[in-house]
Amino acid sequence: MNRRFLISREEWDKVIAGLLVEYDIYASVLNDGIQDYQLIQERDTGLIVYNRPKPTTPLKTFFLPVKENVIREVKKGKQRIIIGVPSCDLAGLNLIDSIYLDDSYPDLYYQDRRDNTILIGTDCFSVQEHCHCTSYGIQPVAEANSDISVLSIGENMMVCPHTEKGMVMFNTINSDDVFREPNENELKTLQASRDETIDLLERKNHLLPDTNETGRLIRKSRDEIWKKYSLSCVSCGACATICPTCTCFLLIDRPGFEKIRHLDACQYPAFERVAAGEDPLKERHKRFRNRYLCKYVWKPEKYNHVACTGCGRCIEACIGEINKNELFMELSL
């Protein structure tokens, strides 16, 4: 299913406008220098950005809301399309799917949203300051876990179906034969853009250890470095809530037999407090280290997927300006 097709940007915007009749469409849009997902209308199709990392909101938010009542009937909603998903967020679905679509006890609410969503990914042809996906074995190429990928090549859009769901949608939008196959020069342009981005990421982050080495370094680390880097931590939880793979939650009972699943964060005080007030993570530096043990040791061991996709959002969101990459490079010295 990895055939590639070209369409002009003008015609592609018309295709998106036509899909609005049947789908809710969220797309990556740039407003006042801030890139994030937006529920689009027909007038917004020309504002959608491609090949630019990365929306502020992680993809997980579409499947795991910050708060929801989980004692309710699962009803099929209107299908939706999400456009402009970067590979770091797509890679995060490997872990989240393993947790919430486990065969023994799948989460029906999560499954419903996954089934009713078509993901349109886009490659990154540029790099932001804290991007480091290649350090963790992820390429900035939006193919894995996307139903379709869309890339901007000059004045054209390259559309590539990857799944059966994506192929069904592509066949629908190609009813008027508005697509053509790319020529050799256009394919070379695509590959050159990909190679340039990968090379930039690898040169920029060449001192950063990979996930396996990072896990080993965290295991043997001493308290001193965690106390040093957690000194400016205010326990706000921004790093966990903005992360594309962190999904810890609380279940809160409410009147009327409501049970609310609410996003939680391991950096909050009392995250592991139990009866009688015992709290193994009461000290801030222990909570801080625990987060990275979870991401680089425990989850990879349990699910065989990376729990950090190198998006860099946790660094950008940190009020205390803590840079985990600087921490890991110091550990590797």
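Helix 9 (284-303) and helix 11 (324-331) are roughly perpendicular to each other, since their axes cross at roughly 80° and angles of 65 to 115 degrees count as roughly perpendicular. Those axes come within 13 Å. An axis here is a line fitted to C-alpha atoms, for helices over the stretch in contact, with angles running from 0 to 180 degrees between N-to-C directions. Phe288, Tyr292 and Tyr296 of helix 9 touch Lys324, Leu327 and Phe328 of helix 11, where contact means heavy atoms within 4.5 Å.

A quick word on what you're looking at: this is a predicted model, in which local features need pLDDT of at least 70 and side-chain atom pairs count only at pLDDT 80 or more, while totals for chains, interfaces and linings use all residues. Residues are numbered from 1 along each chain as its sequence is written, and side-chain values use heavy atoms, with hydrogens and water left out. Helices (H or I, at least four residues) and strands (E, at least two) are DSSP runs, numbered from the N terminus.

**Helix 6 and its cover**

Helix 9 and helix 11 turn up again around helix 6: together with helix 7 (223-229), they are among the elements covering its buried residues. Which residues of helix 6 are buried? In this helix, residues 211-220, they are Thr211, Thr214, Gly215, Leu217 and Ile218. They sit on the same side of helix 6 because they cover an arc of only 165° around the axis, the arc being that of the directions from the helix axis to the C-beta atoms. As a rule, an α-helix has 3.6 residues a turn, so residues three or four places apart point the same way. Over on the other side of helix 6, Asn212 and Lys220 are exposed. Buried means under 20% relative accessible area, exposed over 50%, and partly exposed in between (1.4 Å probe, protein chains only).

**Helix 3 and the caps**

Helix 3, residues 108-115, has Tyr109, Tyr110, Asp112, Arg113 and Arg114 as its buried residues. These pack against strand 4, strand 5, helix 2 (87-100), strand 6 (117-121), helix 4 (164-173) and strand 10.

Helix 3 and helix 6 each have an aspartate capping the N-terminal end. In each, a side-chain oxygen lies at the listed distance from a backbone nitrogen. Such a polar contact is a pair of N or O atoms within 3.5 Å; within protein, one must be able to donate a hydrogen and the other to accept it, and residues adjacent in sequence count only if both atoms are side-chain atoms.

| Helix | Cap | Backbone nitrogen of | Distance |
|---|---|---|---|
| helix 3 | Asp107 | Tyr109 | 3.0 Å |
| helix 6 | Asp210 | Asn212 | 3.3 Å |

**The sheets**

Now for the strands, which count as paired if DSSP finds at least two bridges between them. An open sheet of 7 strands runs in the order 1-8-7-6-5-2-3, with mixed pairing. Strand 1 (5-8) and strand 3 each have a single partner strand, so one side of each is left without a neighbour in the sheet. Neighbouring strands are turned by 25° against each other on average, direction ignored.

Strand 2 (residues 24-31) and strand 3 (residues 34-39) pair in the antiparallel sense over 6 bridges, and Ser28 stands opposite Tyr37 in strand 3. Their hairpin has 2 residues between the strands, and Asp32 there takes a positive phi near 50°. Strand 2 also pairs with strand 5 (residues 80-85), in the parallel sense over 4 bridges; here Tyr26 stands opposite Ile82. Helix 5 (residues 184-204) lies across strand 1, strand 7 (148-153) and strand 8 (156-161), running at about 100° to strand 7.

Another open sheet has 3 strands in the order 4-10-9, with antiparallel pairing. Strand 4 (67-69) and strand 9 (249-254) are its edge strands, each pairing on one side only. Strand 9 and strand 10 (residues 258-263) pair over 6 bridges, and Ile260 is the bridge partner of Ile252.

Most residues other than glycine have a negative phi, and most peptide bonds are trans. Ala270, in the loop between strand 10 and helix 9, has a positive phi of about 75°. At 29% relative accessibility, Ala270 counts as partly exposed. Asn304 has a positive phi near 60° and lies in the loop between helix 9 and helix 10 (313-317). Is Asn304 buried or exposed? Exposed, because its relative accessibility is 66%. Finally, the peptide bond from Pro53 to Lys54 is cis, with omega near -20°, and Lys54 sits in the loop between strand 3 and strand 4.

Note on methods
Parallel < 35°, antiparallel > 145°, perpendicular 65-115°, else oblique.
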